[in-house]
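Me: I am new to this structure and would like a close look at a single part of it, the aromatic rings and what surrounds them. Please go through it step by step.

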Amino acid sequence: MKKIKIIIIFLLLSLSLFSSGEISFRKQREKVLKEQQEEDKGEQKQVKREKITTTNKEKSIRQAILETAFSKMGTPYIYGANGNGAYDCSSYVQFVYKKSINVNLPRVSYQQAESGKKVKVNQLKAGDLVAFDTLNKGRISHIGIYIGDNQFIHASSGYKKVVVSQLEGYYADKFKYGVKIL
């Protein structure tokens with residue numbers, strides 16, 4: 001008899017809570033949905049923050065490449081040189097990538113040009129490589145670093161030093177493709 005009284009009290013209490021809105025399946029469902037929506041918003045904000053961080057990280061990497069590249073402006077060009085006061089085009093690019101972002105590139109221009117994803121000129125970003133066939137032999141024979149605004153920095157055999165050149169005229173004619181290393 002005591003068990004039946006306890007069960008009846010429990011049922012009455014449950015019924016009264018349910019009717020007063022304390023136990024509402026609809027409210028519980030709405031609460032769960034609201035929590036899920038808030039959780040989804042939080043995840044979207046996190047993804048957005050990660051994208052911004054990636055973008056900022058990429059910008060700082062590209063900036064480091066350019067800073068190192070410009071630090072060698074005017075350094076003499078000597079064919080076959082690999083640093084110690086002089087560069088040829090590929091040793092210059094190799095030096096800049098190693099010093100700025102610790103990326104090891106091959107020593108020669110045609111191998112460097114195969115080290116990343118090939119892109120068209122309109123897809124270039126500062127810090128990407130620009131590859132040229134200056135000898136008209138159907139292969140890459142010169143390489144530089146794109147700096148933006150249709151310009152690139154390179155160790156030039158013509159000027160006998162590291163210079164900035166326009167990607168137009170002679171160089172536009174000799175341009176084969178850009179290379180994204182990052």
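Reply:

**Aromatic rings and the sheet around them**

There are seven aromatic pairs in the structure, which is a predicted model. One of them joins F132 and F152, whose ring centres are 5.0 Å apart and whose planes stand at 35 degrees, a tilted arrangement. The label follows from the cut-offs, because planes under 30 degrees apart count as stacked and those over 60 as edge-to-face, with the rest called tilted. F132 belongs to strand β4 (residues 129–132) and F152 to strand β6 (residues 151–156), so this pair ties together parts that are 20 residues apart in sequence.

F132 has a relative accessible area of 0% and is buried. F152 is also at 0% relative accessibility and counts as buried.

F132 takes part in a further pair, with Y171: here the geometry is edge-to-face, at 5.5 Å centre to centre and 65 degrees between the planes. Y171 has a relative accessible area of 15%. That value makes Y171 buried, because the term applies under 20%.

These rings belong to one aromatic cluster, made up of F132, F152, Y170, Y171 and F175.

Strands β4 and β6, which carry F132 and F152, are both part of an open sheet of six strands. The order across this sheet is β3-β8-β4-β5-β6-β7, and the pairing is antiparallel. At its edges are β3 (117–119) and β7 (161–166), each of which pairs on one side only. On average, neighbouring strands of the sheet are turned by 35 degrees against each other, ignoring direction.

In the sheet order, β5 stands between β4 and β6. Strand β5 (residues 142–148) pairs with β6 in the antiparallel sense over three bridges. Within this pairing, I145 has I153 of β6 as its bridge partner.

Helix α3 (residues 89–101) lies across β4, β5, β6 and β7, and runs at about 45 degrees to β5.

One more ring contact involves a charged side chain: K118 lies over the face of Y177, 4.5 Å from the ring centre.

Methods:
Residues are numbered from 1 along each chain as its sequence is written. This is a predicted model: local features need pLDDT of at least 70, side-chain atom pairs count only at pLDDT 80 or more; totals for chains, interfaces and linings use all residues. Side-chain values use heavy atoms; hydrogens and water are left out. Rings of Phe, Tyr and Trp (its six-membered ring) pair if their centres lie within 6.5 Å; planes under 30 degrees apart count as stacked, over 60 as edge-to-face and the rest as tilted. Helices (H or I, at least four residues) and strands (E, at least two) are DSSP runs, numbered from the N terminus. Buried means under 20% relative accessible area, exposed over 50%, partly exposed in between (1.4 Å probe, protein chains only). A charge sits over a ring if NZ of Lys or CZ of Arg is within 6 Å of the ring centre and within 35 degrees of the ring normal. Two strands pair if DSSP finds at least two bridges between them. Axes are lines fitted to C-alpha atoms, for helices over the stretch in contact, and angles run from 0 to 180 degrees between N-to-C directions. Contact means heavy atoms within 4.5 Å.
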